[in-house]
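My entries follow in the order I made them.

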Amino acid sequence: GDIWRRLVYADFVNGSSSGMDKVYDGGAAVAQAYRDRVGLAAADTAAQTGIIDNDVQLSGFTSSYDSKDVNRDSNGRVIDRKVQFTGFTLEDKNKTDGSDDAANYIVKAADGTTTLTGTGTISPRTINVAVKDGPIKEYDGTTAVVGNTYATAANINVDRTNLVAGDTINVGLESAPSYQNKNAGKGITYTYDLNWDNGNYELAADKAAAGQSLSSEGFGQSGKLTAGLTGTDGVITPRVLTVDAVKEADKVYDGTTGVENAAANIVLNNRIISGDTIGLSADAAYDNANASGSEASDTLLQHTVDYKLTLSNGNYQLSDDTAQGKGTIHRKGLDVVADAVTVDAGDALPVFR
């Protein structure tokens, strides 16, 4: 008759089959602590399985994740990988007596195959990123970050010291960076939408970069992983306007040096954004209040007119808030009339003066 070798099952008898996690290290090796979870299932008399004496033990097996890489779903979220144990062998604990009790058994995984499978997560390694210089621009009516210095990936510092030997990572812009609002000011929040081409890594805002933070990641339209890097030190300076010309300031003599509708005499350069109202106002004065040098002269004075300018729109500023022009004060017209006099018929006529 035949004596069949007894079946023994390798299973997770010293710990859970899940949660066998590690941080990406460039390899598929399984930590010894997770290998220690695997052992031989207890003997089952009814099923005629399991070790029936204490001279036999599990001697060895191979283990690995089903890939060395971080596993992600279609949204870019990190998910579990299979952790596989195979190549199980048995050995006789007591080899000094010359016996080989291990030959009486055949070992399989708990499901009857040659591979025992668990799960674990390979987490991405962290690469620190930071905006080198907070963006600066002159107000232009948009939220766009502009200029080669600030609007390109060259303004992103990537710390590659945590890369596994032989790995590379390229960090770029998924879309154009932008300010949170378009108005002039300091301490404006801005965002750089970053992407990177190695899913074994995740980006994090460098803690040394004060005020910077990173949003959650996911796949972008480029097919690469993306995340938003936000800073709070953006600057938009007011748009500078200059006075191109000052119109002649004319009025009729009123006894004062005040200029009528002074702001209308100021012509600014063509740098006002379409649709904006700058709120220009002006205080102005003639150098004196007279129309002519004397009553006997028909020549009107050519006055110097000094202007003090202000803007109510904080998105703009004047290169110089003073201006000077010319102006004329015209003589005031007088209607000369006689006082009415009434006399009785036959009386002498009065003398009009």
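Predicted model: local features only at pLDDT ≥ 70, side-chain atom pairs only at ≥ 80, totals over all residues.

**Entry 1: β11 and its sheet.** I started with strand β11, residues 125–131. Then I looked up the whole sheet. It is open, has three strands in the order β13-β11-β17, and its pairing is mixed. I noted the edges next. β13 (156–159) and β17 (201–205) each have a single partner strand, so one side of each lacks a neighbour in the sheet. From one strand to the next, the twist averages 30°.

**Entry 2: another open sheet.** I turned to the sheet with the order β4-β7-β9. It has three strands, is open, and pairs antiparallel. Its edge strands are β4 (56–65) and β9 (115–120), and each pairs on one side only. With direction ignored, neighbouring strands here are turned by 30° against each other on average. I checked the β4 pairing too. β4 and β7 (residues 81–92) are antiparallel and share eight bridges. Gly60 sits opposite Thr89 in β7.

**Entry 3: β20 and its partners.** How much of β20 is buried? I counted through residues 225–237 and found ten of the 13 residues buried, so I logged the strand as mostly covered. I then listed pairings of β20.

- β12 (residues 136–138) pairs with β20 in the parallel sense over three bridges; Glu138 stands opposite Thr237.
- β16 pairs with β20 in the antiparallel sense over nine bridges; Gly185 faces Ile236 in β20.
- β18 (residues 213–214) runs antiparallel to β20, with two bridges; the partner of Leu214 is Leu229.
- β19 (residues 218–219) also joins β20 in the antiparallel sense, over two bridges; Phe219 has Leu225 as its bridge partner.

The β19 and β20 hairpin has five residues between the strands, and Gly223 in this hairpin takes a positive phi near 85°.

**Entry 4: the nonpolar core.** I asked which residues touch the most other members of the largest nonpolar core. They are Phe85, Phe88, Tyr192 and Tyr307, out of 67 residues in this core. Strand β16 (residues 185–196) gives the largest share, five residues. I wrote a reminder beside this: in soluble globular proteins, nonpolar side chains tend to be buried together.

**Entry 5: strands around β28.** I moved on to β28, residues 322–330. β23 (residues 249–252) runs parallel to β28, and four bridges join the two. Lys251 stands opposite Ile329 in β28. β26 (residues 303–311) pairs with β28 in the antiparallel sense over six bridges. There, Val305 is opposite Gly325.

I also looked up Ala282, which lies in strand β25 (residues 280–286). Is Ala282 buried or exposed? Its relative accessible area is 16%; the cut-off for buried is under 20%, so Ala282 counts as buried. Its C-alpha atom is separated by 9.2 Å from that of Thr322, which is 40 residues apart along the chain.

Entry 6: Most residues other than glycine have a negative phi. I therefore looked for exceptions, given that general rule. Gln48 has a positive phi of about 55° and is not a glycine. Gln48 lies in the loop between β3 (38–40) and β4. With a relative accessible area of 58%, Gln48 is exposed. Asn261 is another non-glycine residue with a positive phi, about 50°. Asn261 sits in the loop between β23 and β24 (266–268). At 59% relative accessible area, Asn261 is exposed, because the cut-off is over 50%.

**Entry 7: the largest pocket.** What volume does the largest pocket hold? I got about 230 Å³. Its lining is Tyr253, Asn290, Ala291, Ser292, Ser294, Glu295, Arg331, Lys332 and Leu334. I sorted the lining residues by class: three are nonpolar, three polar and three charged.

Conventions. Residues numbered from 1 in each chain as written. Heavy atoms only, no water. Pairing = 2+ DSSP bridges. Axes fitted to C-alpha atoms, helices over the stretch in contact; angles between N-to-C directions. 1 Å grid on protein atoms, 1.4 Å probe; cavity = no way out; pocket = protein on both sides within 12 Å on 5 of 7 lines; lining within 4 Å. Points joined across faces, edges and corners; volume = space filled by probe spheres on them. Nonpolar A, V, L, I, M, F, W, Y, C, P; charged D, E, K, R; others polar. Core = buried A, V, L, I, M, F, W, Y, C linked by side-chain atoms within 4.5 Å. Buried < 20%, exposed > 50% of the residue type's maximum accessible area, 1.4 Å probe, protein only.
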